[in-house]
Amino acid sequence: MSVCGGPGDAAAPRLRPRAALMARRPELLCGAAIVLGCAFLVALKVTCSRAKDVTMPAKLPVNFFSTRSAVIDLFRGQLDYADQLRQDSEIVLYFFYAPWCGQSIAAREEIEHVASRLSDQVLFVAVNCWWNQGKCRKQKHFFYFPVIHLYHRSFGPIEYKGPMSAVYIEKFVRRVMTPLLYISSRSKLLDFLSNYEPGVVGFFEFNASPQPPGYLTFFTSALHSLKKDYLGTMRFGVVTDKRVAQEISLVHSGSVYLHRHANTSLIYPKDIMNFTAENICKWALENREMLIRWLRPHGGKSLLLNNELKKGPALLIFIPYNPLAEIHPLLDEITKVALEYHKCNKSQAAEPDLQHVGDSDSPAFDSSDAQLKLSEPFPIAKYPCCNTVVLPQWHSISRTHNVCELCVNQTLGVKPNKVHVPHCNFLEIEAALDSFYLQEHTFFQVISNTIECSNFLSFYSPFSYYTACCRTVNRHFLSLISSEKTIFQTPKVAFSSHGKKDNTQFSIPHIEDRNCFIPDLNISSTNITGLSCRTNKTLNLYLLDSNLFWIYAERLGASRSTHFKEFAAIVDLKEEVHYVLDQNQSLVGPTLENFIKNFSVLYSPLKRHLVDDPSVHFHEEHVVTEVTTNTFHETVFLSAKNVLLLYYAQWCGFCASLNHIFIQLARLLPPDSFTVARIDVTRNDLPWEFMTDRLPTILFFPHQRKEQSVKFPEDFSVNLPNLLKFILHHSSLSSAEPCTKECLHKESVLQQGHISHLEREIQKLRSEISALHQAHDQLEAQLSEARREEQRLQQQKHTLEKQHKTLQLHSEQLQATYDQKNQELLEMAEKLQELADASENLLKENALLRILVASRGGKLQSKDEIKEFLQSEQTVSEDNDISLSTAPAALQEKRIDNIDTIETEHSSGNRTE
């Protein structure tokens with residue numbers, strides 16, 4: 001018993017006081033629990049950290065391309081070996097891929113197809129950039145795959161970001177291979193300048209040297225343009241013939257010319273900008289003219305279409321396009337329409353005459369006749385611009401009208417030197433009318449039979465003058481002659497700015513008589529020349545390859561069953577409308593011109609296209625009817641039923657939660673009188689009056705009152721009872737039989753129920769009003785308390801600001817003291833350093849002195865030993881021979897002198913050391 005129970009009995013008295021102490025102070029117990037928990041966590045962490053992570057090693061990569069392929073596959077990510085291969089080739093294409101990437105797998109076949117065609121000229125290298133042990137994964141940090149880089153000798157990388165299609169990749173590679181197009185004749189120059197893409201032409205004479213100055217810079221600028229514009233819309237050409245270069249006003253070798261169709265072409269300003277590849281590329285990209293642009297979305301999440309559509313109304317044209325084809329008839333026709341659309345009264349004198357360039361190759365071309373023809377000034381005074389204006393009368397009892405003849409006075413202001421088209425156009429007449437209406441109060445006359453004329457400056461330009469000749473006519477006279485071409489004969493006089501009359505020999509025609517401007521100028525009804533500058537609804541023209549992006553055309557309304565993938569649509573994001581060109585008409589130039597012209601007029605005859613969801617399949621057994629754009633009018637308006645319509649979307653989670661409620665509602669309501677329907681507004685467009693900006697939205701169309709549709713209140717919860725009350729309250733079920741007494745009794749009971757319900761609602765509102773009053777009083781008390789608290793805080797703020805200022809002064813004093821002490825410490829440190837240096841020198845001298853003393857003591861001791869030895873020898877010699885005492889003594893002195901000499905030399909040597 002003593003062995004087993006002794007220790008326990010001894011420990012119990014020691015634990016009882018501790019337990020009693022913990023009972024009196026429970027915080028000790030909590031602290032002990034926390035300590036034990038922390039110890040347990042530490043032990044657990046240490047135990048788990050000793051366990052090894054069990055991970056499966058990555059599988060070794062395998063060939064991504066076939067071994068028989070023309071592509072060198074570095075599936076282990078050997079980027080250093082790829083760089084070595086690049087040094088031996090002129091053109092190299094790198095294909096960085098990830099083996100698991102679906103887009104890399106899809107692009108593999110396209111790369112192999114391109115490599116099979118260009119392997120003799122281009123080196124194709126594929127690198128696995130996903131293998132974690134490869135150098136490509138360690139050095140390259142790509143955010144997407146695949147990535148294509150091209151190198152032209154030492155220039156690169158040029159990243160390709162276009163469609164992963166073989167024809168597009170091959171086209172881009174060929175652009176990198178030959179960034180410059182050699183233009184050897186005038187006909188090739190005409191073809192180069194007639195292209196819709198911007199063109200940059202450089203003139204370099206190769207007679208003096210194999211590479212004239214600036215040629216390599218121009219060549220590199222072409223590669224820079226491909227690096228910045230992966231679409232390759234900027235075309236670069238080089239001219240070596242001086243006669244061909246003179247056609248575009250290039251005289252000096254090394255000149256660079258940027259051709260523009262609608263605006264003035266430019267020559268690179270060498271005197272302002274340095275002639276470098278980066279500057280040439282930047283200058284060309286900033287000043288290029290984009291009449292029509294290609295859109296090539298990459299298929300992922302992108303804001304490309306959104307950013308372009310935000311710029312204004314856009315004409316999207318989908319055509320099948322092969323980049324490798326030599327001729328594109330449909331594209332050429334669209335290009336002609338775009339050029340005519342953007343040709344805004346441009347003076348051709350500043351541009352090269354393309355027709356003149358093209359005809360100059362023929363032997364029958366006479367340059368002197370052409371120059372004479374170009375130098376003939378257009379007779380401006382022969383075709384003036386005038387229009388008749390009837391000023392409005394502010395008093396209806398007036399029997400007269402003020403009629404004015406408004407003309408553009410072309411005898412004043414700045415006159416152009418050379419023109420080829422008349423300056424009379426609708427833009428000038430509109431500007432004249434704007435300036436005229438701003439000053440029309442000065443032209444009102446009471447009654448005057450005379451014609452009074454005056455000149456006034458243009459509101460927009462200080463160099464343009466307008467002439468207005470006004471007189472009054474009676475109303476009956478105006479009505480009698482309203483069918484004539486002109487209201488009155490224009491006086492054959494022109495007035496200067498001072499009001500003096502000058503005789504002229506011609507009458508002023510009206511702008512409506514456009515045939516009288518230039519007899520041989522035929523303006524057809526489909527002419528859209530310069531329409532982009534004559535309307536506020538200017539279109540941006542875009543091209544899309546229907547072979548790649550036909551899904552966008554289908555979303556805009558293109559037919560899915562068509563065999564010819566040609567489609568055109570106008571999208572106006574600001575007005576939230578888009579128009580579709582009839583697909584029964586062929587996509588040719590005249591059709592496209594009419595489509596653009598109908599959109600540009602003030603009251604467009606085009607009808608808004610409503611997108612319909614063709615994927616909806618109708619089933620009669622469904623209790624909830626699915627409505628589309630095509631069935632909306634028939635289901636809602638032509639139906640003889642009450643229609644409850646739900647607006648929903650696939651992404652709307654609240655809409656999906658209402659499906660079971662609408663199914664129950666459709667089963668409860670009689671199908672002969674009610675229709676429960678829904679429509680997906682994200683895939684079906686409706687007329688503006690039936691669209692909504694909130695989902696879910698519920699509309700009720702009562703029978704025989706469909707125009708009085710009612711919206712379900714937003715503050716009501718959408719449940720079955722509320723929907724039933726809403727429908728029954730607004731429904732219009734007509735009954736053919738007259739109401740009986742029982743019916744009247746039920747109606748009166750229903751009315752009493754309504755009245756009692758309204759009374760309860762009123763009582764509830766009164767209680768809510770009283771609660772609001774109480775809350776208002778509480779808020780007032782809280783506001784007063786808050787104001788007092790604000791005052792107290794303001795006082796504390798002032799006190800703290802004073803304390804802050806005091807502390808700031810104290811801080812400045814402490815800083816000054818700190819700086820002073822710091823300076824003193826620096827001085828003391830310098831003195832201590834000097835003392836340390838002096839003590840170190842003394843220690844060195846002391847050590848030297850000790851060495852000298854020790855050496856001197858040794859020398860003295862050796863000298864005493866020698867003297868003792870000599871004395872003993874002297875004693876021995878005295879015993880042997882006293883007669884020989886004189887010679888040894890001399891010899892001894894001589895030895896002593898020698899020893900002293902040796903010791904002196906030895907001590908001097910030690911001192912020197």
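I began with Leu 41, which counts as exposed because its relative accessibility is 54%. My cut-offs: buried means under 20% relative accessible area, exposed means over 50%, and partly exposed is in between (1.4 Å probe, protein chains only). Before going on, I noted that this is a predicted model, where local features need pLDDT of at least 70, side-chain atom pairs count only at pLDDT 80 or more, and totals for chains, interfaces and linings use all residues. I also noted that residues are numbered from 1 along each chain as its sequence is written, and that side-chain values use heavy atoms, with hydrogens and water left out.

**Nonpolar patch**

Where does Leu 41 sit? I found Leu 41 in helix H2, residues 26-50. Helices (H or I, at least four residues) and strands (E, at least two) are DSSP runs, numbered from the N terminus. Together with Phe 40 and Leu 44, Leu 41 makes a nonpolar surface patch of about 330 Å². Patch residues have over 30% relative accessible area and no salt bridge; nonpolar side chains (Val, Leu, Ile, Met, Phe, Trp, Tyr) are joined within 5 Å, like charges within 9 Å. A salt bridge is a side-chain nitrogen of Lys or Arg within 4 Å of a carboxyl oxygen of Asp or Glu. The areas come from the Shrake-Rupley method with a 1.4 Å probe, and for residues only the protein chains shown count as cover.

Glu 840 belongs to helix H23, residues 741-880, and is partly exposed because its relative accessible area is 42%.

Which residues does a cis peptide bond join? One links Phe 145 to Pro 146, with omega about -5 degrees. Pro 146 is in the loop between helix H5 (135-139) and strand S4 (147-152). Another cis bond joins Leu 695 and Pro 696, with omega about -5 degrees; Pro 696 is in the loop between strand S24 (674-680) and strand S25 (697-701).

I then checked phi. Arg 153 has a positive value, near 55 degrees, though it isn't glycine. Arg 153 is in the loop between S4 and strand S5 (155-160), and is exposed at 53%. Gln 704, also not glycine, has phi near 65 degrees.
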